[in-house]
Each structure stands twice: as structure tokens, then as C-alpha cells.
Amino acid sequence: MLPRLFLAVLVGFFALSSSSQAAKVTDYLPTGHPYNQAIPKPESTLGFGIGERHARHDQLLNYMKALASSSQRIKLTGIGQTQELRQQVLLTISSKNNLANLNEILAKRSQDNDAEDPTLPLVIWLGYSVHGDEISGANAAMVVAYHLAASENTDIINMLENTLIVLEPSINPDGMDRFVQWVNMHRGSTPNADQNHIEHHQGWLTGRTNHFGFDLNRDWLLLAQKESQNRLAYFHQYQPNVLGDFHEMGANGSYFFQPGIPTRTHPLTSTANTELTQLLATYHAAALDNDNRLYYSQENFDDFYYGKGSTYPDINGGIGILFEQASSRGMQQNSDNGLLTFEFGIQNHVLTSLSTIEGAWKNKDKLFNYRENFYKESEELADKENFSGYLLHEAHDSYRLNVLLDKLKQHQIKVYPLTEDFRLAGVIYTKEHSFYLPLEQRQYRVIKALFSQQTQFEDNTFYDVSGWTMPLAMDIDFYRVGRTWGLKLADNAWDSPAKIAEKSTVAPKAYAYAFEWHHFLAPKLLNELLNKGIKAKVATKSFSSRLKINAKVTNKDYARGSIIIPAGIQVQKNWRDIVKQSSQKIDIPLDSLHTGLTVKGIDIGSGSFQLLEPVKLLMVGGKGVSQYESAEILFYLDDTLSIPVTVVEQQRLSKIDLSVYSHIIMVDGKYDALSENDADKIGAWIKNGGVIYAQKRGAKFLSEYELLTMKFVAKDEINQLFDMDNLQYQDKEILAGRKRIAGAIFESGLDTSHPLAYGYTDSRLPLFRNSTLIMQHSSKPFIAVANYSARPLISGYADKNMVNRVANTSAIVAHNYGKGRVIASTDNLAFRGYWLGSAKIIANSLFFAKAFSTPVSY
């Protein structure tokens, strides 16, 4: 039987059909339901009714502010700003008394208690439109917020006495406004439901992504973007029992709610979690059944990757639920199920928002028991492990190590500095560069999710990636520690990194200055110095120099790739001040060299030091080019390294004077808009000295026009790897899954002597692979910068036939083309903004491409 509260809500909800043209808030709310007339309705602030047009983020925010200022049930909290300076907000909706004691309530929830306190409120978190062009959610949030703020229904008042409802009305404000601008710009005065209308087809950078082009619904675990970082602090403060994540899907769908495909649930997610998700699903079904609305569950979507809003709660003591509404992607659109309108989608999300609240409230005791048992089971599971924790170690690059430690901290994972050196498996790990992560802590399941290297799975088909091991992405050494005997740790967990540049002494009259390339931000410092007119050189051979530090003379070894700044060739005024200030700002230590005569290896005046030039980059973008991979490289170069990148759509490339650029970047994509003349133009530019870096289908484009000497394995050859005899139709999806590499981690062997590998001290380099593009093995020497190992799969799923075919092939190659260079990879070297381990190959391609010479005529 439908609960009384929800039945009252539903009675008047269905005045609008899927063919409705406009809807005000009263059309979404129950007939005869009592509301406080002093609470403003959306149309009074927006100037139009919900669903009549697409509200901008500032309009949505203004309405939420109006609600908060007029209702004692709402607390509006700013949680941060986006890259485009739009405000991220949360609405906490509860009773006046709960809001007055909110800090105390949250503090009690944060305590590591053995048992849940039944007197505390239930916490329900509803997040809307993480994909900015899935806009029905953000509009539904205004209806839900009004309903909860203004309702004078006794059941709702009682519910709010025992519940904290947290609304994040727009998870992706920048993407939301990009989409709203597109739709409002292209809609006509007369509604147009034609699927081919421009209103329904966005430009290259869609509203799905944030400012940089990242999918924020893949970033809960990775935390590459500020929107995710801002939100996560509040997620862990509130620790929701239930989280609803509201999306849209293709227009020809209906309505989906979890649970997802049963065989594609991550093994860290308990059976109890799935059972509660199924229980809550009965409330969603009842809400939609009441008006014969189409829906489904347990198909299409999985619960495997924990980096999504609907799955991250599953390893944090909560229940995450994905909702997917068929999208009108504009005001209205024809679909297989008839005319689909914007307001119809809003209605569905309002219904399931309220069914989530209803179901959670009615099952508070079960949710509290689940959370209590969740953490007890975590302790038991940690105790059953055959190792006690992980030792993390990185001796050369504190930046990557600190980024990893900071992400762990944001996930509430405690990592402890060593106070003494530690011996493990015959190797001594120095205390200055090593940390210990114990398994026995509250966030055990999050640790397992981040460090897992699982390669065997019940189901081989994945909606998203199957491997995401964070220390592998960061290229940080990590080792299982069995016994902790002899392990001496600090009392307090790691909190924040210390500055390292402050420890270096910059002599005012040094013969030259030097810094080492193994620092992750060394390319940022080099780029800044070159653009400020500082002349710098790279060492193509190793050397040792005598340094004087704090009155003590010592010899220091410098590897290939070290940068020197000789005094004798500088022409900039106050150049020493520029060098010192830049190094301190970027936190890269400088060494002062007092003579050009080295202790060992090349002297400072040697021709083996190669003069470096400023770079000017062009990236080919536009329709057909992956907005995600473009975003990842742009984020790395522009945001992390402060290197500007000029993006030119492939449709405009023929009109561009390439001679003003030093480098071209081509990521994955369909380059159908580039003609043979365009390819010839690029080839002529390379021959004249240009450097091109291309990955995946960008590299294949170069191969097809014989600019890249490597050939790619044909699809027919990949098909021949699989025995397709005696297959039935039902095996079709399984076979397709076996032929894909949806997202896994492969091991490569890096030639650390190659200039493109400067800064790397370990030849083992994990790479992220999410395509079946494979370069044929080449017998030509010196072309391969990195080759896959003989047994390359180290995390995630790939069929053994695909793994064997990838084994021992080239992952990264580079060679001459005339006076220029061609550099190519089959992988995404800056995947999702957190794959710091291989990203430096891209920076090396910018600065050191002319430091190697590999003619293809070998």
C-alpha cells in the first residue's frame, strides 16, 4: 500500500502529459495540498514557470536564495566556486530546530561510534544535473525545494523533524549554463520536436562537461576537478544515508532507477546494499505506476565504478541511487514513446525525488542498521586481510606523492609518515619519502577501491572503466606490508605538504643555476622562464657538480634532463631575480653552480647541453574530436603547467598559418573534416621543423597519411583472435565485451635513456588503455620510447586474446620527419586529469623533441 504522505503528494501530479507545452509549479504539486503562501514560488522569482523555458544557473540560484531568506526550514550554504566563478551551493532542508543545531548533529554523525544514534536525523542527499545538459534535474530541484519549504502537510512537517534533506540543485553550473545558452539561443517561437533540429544538437563542447571538459560524474573518486573537491568535503561532513543522483539518457529511453545489472556490481558493495536499493525501488515504481509512466531497472547501467555519484556512497556507508530520465535535450523532441517534453522529464524527477525521501524516511531504522553494520563489517574485513596495509614510496618527486596523499586525505583516509627508515623485502625505504597506509580504519572499503588491481570479473562488460588503481595512475610505488614489526610511525596522519624550494640557497653570483627534471612541475618552471626571456639548456648526458650548501661542500649527480641556466648567456635585466622568484613560486629547488668545470661528466659549456626554445601549441579540436581527451590534455598543460594552448577546430585548420606554431597536438577522434590537402599541409609543416604529438586515432590519422611510420593492427585481425563458431545470438553482447578494452591499466617498459623519458627513474610505467588500437611491431631501432611488457595487464579487465595481442607492442613511439618530429601513443597519457604518471611524456614532447634524432631510414 502506498504510504499516506506520498499518496497525498501524487494525487494531483498528473495534470500534465508528455505532450504538455508549459508547466508552472502548481502543475507539479498535489491539488488541495496546503502551502505557506508567504514562501515564494519559482515563477515569482524566475519570471516564467518551471518548464516554460530553461533556467540559467544564476536564475536557479536567485530562487534558492529567495527560498532560504523566506523559510526557516532552509539553510543555504556556499561550498565553492567553479572555474567560471559560478557558485556551488547546498540547501539543507529540515526543521527549524535541526537547522539551529546542525553543527552539533553533523559532529555526532562524524564520530567513530560503534552504534548509530537513533535520535539523530536521517540524511538524504539529492544531487541534480551533474551533466549540465541533463537539465530536467536542476529544474526539478526548484520544485522539490519549494514543496519541502512551503508544505504545511502534517506528515511532511513530522518527516522534517527527523530528517536532513540536502539538495545540490546544480552539480555542474558551468556546463548547465553552456547548455542553457545553446537551447535558448536555438529554440524558436514555435516548439520544434524534430530530432534533427539544431536545438537538440550541441556544439563540440557540450553542456555535459564542466569548464575544462571533464565529466564530473567520473570524478567523485579521482578528484581532479575543483567542483568535486568542493563537494566531497561536505559529503563527508553530512555522511548521507541515501544519495539520489539525477540524470538524463537518450530520448528513446523511458525512465531508469537502480539497482543496475546484478552481475556488474562491484564486489565491495554488499548484498545488504543491493537489497535496500531494491526496497527503495518499490517506492519509485509505485510513484511512476500511479500514472502508467514507463520505467525499468536492472538493465543497461551498472554499479561497478566507484567514481560516480550513485556508487561512491556505496563504499561510504550509504545507498547511492542512479535515476535516468529520457531527455528532450531541449523543449520537446519526438521519440519512440511519443512526444517527449522538457516538463515531462521534470515531473518524473520530482516524483522520484519525493519517492526517495519517502522510502528513506519510512525505512530509517533499516538504513541506520545498515550503516552501523557497514562499518563493523569493514573492521572485520580489514582484520581478515593477509596484510596490514600499504607502504607508499616516492624518492624523487614529492609533488606526485603529495597529490596522492591529498586525495587520500579528502577521502578521509589516514596515512602516516615514517619516523625511521623501514626495511621491507630486503629494501630500505627512507623515512623522508615513505608513508604507511593501514587497512584497519573506517575507510577500509575506499582504500580497497583505490588500490585494487583486480583483473578477473564475473561479467566482462562494463559501462565505464574496470581499472583505476590510483597509485598506478600516479606512478607511485606501493607495497603490501605483512607484519608491522619495526615500522615506526608519527602519531598524527599526514596533513599537508611542506615547501621544498625554501630549503634551497640561491647564490647571488652563481656561474649557473640548475634544477632537476624529475619534479612534476619542472616543465611549468621551464616554460615560465623561457617566456620571460631566460635562456636555459637541457643536459642530454649526466654530470656531477660540486655544490656548497650551508658552508658544506658536496658533490651532486644530475641525470639526463636536468636544466641549467648559465649566467654567461643571459640577456634579460634582473634575470637572477626572475629565476629565484619563479622557482620559489612553483616550489622547485634551485642549485647554485660556482664553476663550469664539473666533477664528472659533461662540463657546463659542452655541446651536450642543448639550448631550449619557447613553445607555441596548437591543438586540433572541433566536432569529431574527443572533447574528453582534449580536455584532459588542456587541463594538464593549461591549468597545471600554465602553458597556453590554441584550439583550432579541424574544420578551420586549412585556413591557419601553421608556421607560427612549434607544436601540434591531435588526440583521439574522427578527423573526417581534414582533407588530403590538410594532411599534406601538416606534413610540410613537420618537414620544416614542426613537432606533432598524436594519440590513439590521432596517431592513426598520421599513419594513414604516412606521416607516422608505424602501422596499426586491422580490425579483421582483431576479429580473428576470437573463435566465433557455434555462438548463439544471446552471446552477442558477451563477444562484444571481449573485443573491447573499456578501460584498464597496462604495464609498459620505458626507455629511460630517451629524451622523451627525461625525469623518469623507473623503466616500469603504467599506462591507461581504453581502445583496441594496437601498433604493429616495428623492427626499426630507437623508435620505441615505451613498449608493453610480455604480460601487460595489471589492473582491470581485458580478454586474454587482447592482452596477448597487445603484449610486446609499442605504446609510445617517436621519429624524425624531415627537420621535424612525429611522436605518437596508442594510449591516453593524461586520462581524467589524475593520470600523472605518464603525463610528463607530453611535456617532454614539447621541450625535448629536438633533443633526440631518430631517422626512419635505420
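Let's start with a helix pair: the axes of helix H7 (residues 136-150) and helix H12 (residues 342-362) come within 8 Å and cross at roughly 50°. That makes H7 oblique to H12, a label for angles that are not under 35 degrees (roughly parallel), over 145 (roughly antiparallel) or 65 to 115 (roughly perpendicular). On the H7 side, the contact (heavy atoms within 4.5 Å) includes Ser136, Val143 and His147, and on the H12 side it includes Phe342, His349 and Ile357. The residues of this contact divide into nine nonpolar, seven polar and no charged. Helices here are DSSP runs of at least four residues, strands of at least two, numbered from the N terminus.

A word on the source: this is a predicted model, where local features need pLDDT of at least 70 and side-chain atom pairs count only at pLDDT 80 or more, while totals for chains, interfaces and linings use all residues. Residues are numbered from 1 along each chain as its sequence is written, and side-chain values use heavy atoms, with hydrogens and water left out.

Gln258 and Pro259 are joined by a cis peptide bond, with omega about 25°. Pro259 sits in the loop between strand S6 (255-257) and helix H11 (271-289). Leu223 has a positive phi, near 55°, without being a glycine. You'll find Leu223 in the loop between helix H9 (173-186) and helix H10 (226-238). Asp587 also has a positive phi, near 70°, and lies in the loop between helix H18 (575-586) and strand S21 (591-593).

Leu223 is buried, at 1% relative accessibility, and Asp587 is buried at 18%. Buried means under 20% relative accessible area, exposed over 50%, and partly exposed in between (1.4 Å probe, protein chains only).

Next come the salt bridges (a side-chain nitrogen of Lys or Arg within 4 Å of a carboxyl oxygen of Asp or Glu). The count comes to 34, and here are some of them:

| Salt bridge | N to O distance |
|---|---|
| Lys532 and Glu528 | 3.2 Å |
| Glu528 and Lys585 | 2.9 Å |
| Arg764 and Glu747 | 2.5 Å |

Arg764 lies in strand S29 (residues 764-769) and Glu747 in strand S28 (residues 744-750), so their pair ties together parts 17 residues apart in sequence. Arg764 is partly exposed, at 32%. As for Glu528, this residue is buried at 14%, whereas Lys532 is partly exposed at 37% and Lys585 is exposed at 54%.

Methods:
Axes fitted to C-alpha atoms, helices over the stretch in contact; angles between N-to-C directions. Nonpolar A, V, L, I, M, F, W, Y, C, P; charged D, E, K, R; others polar.
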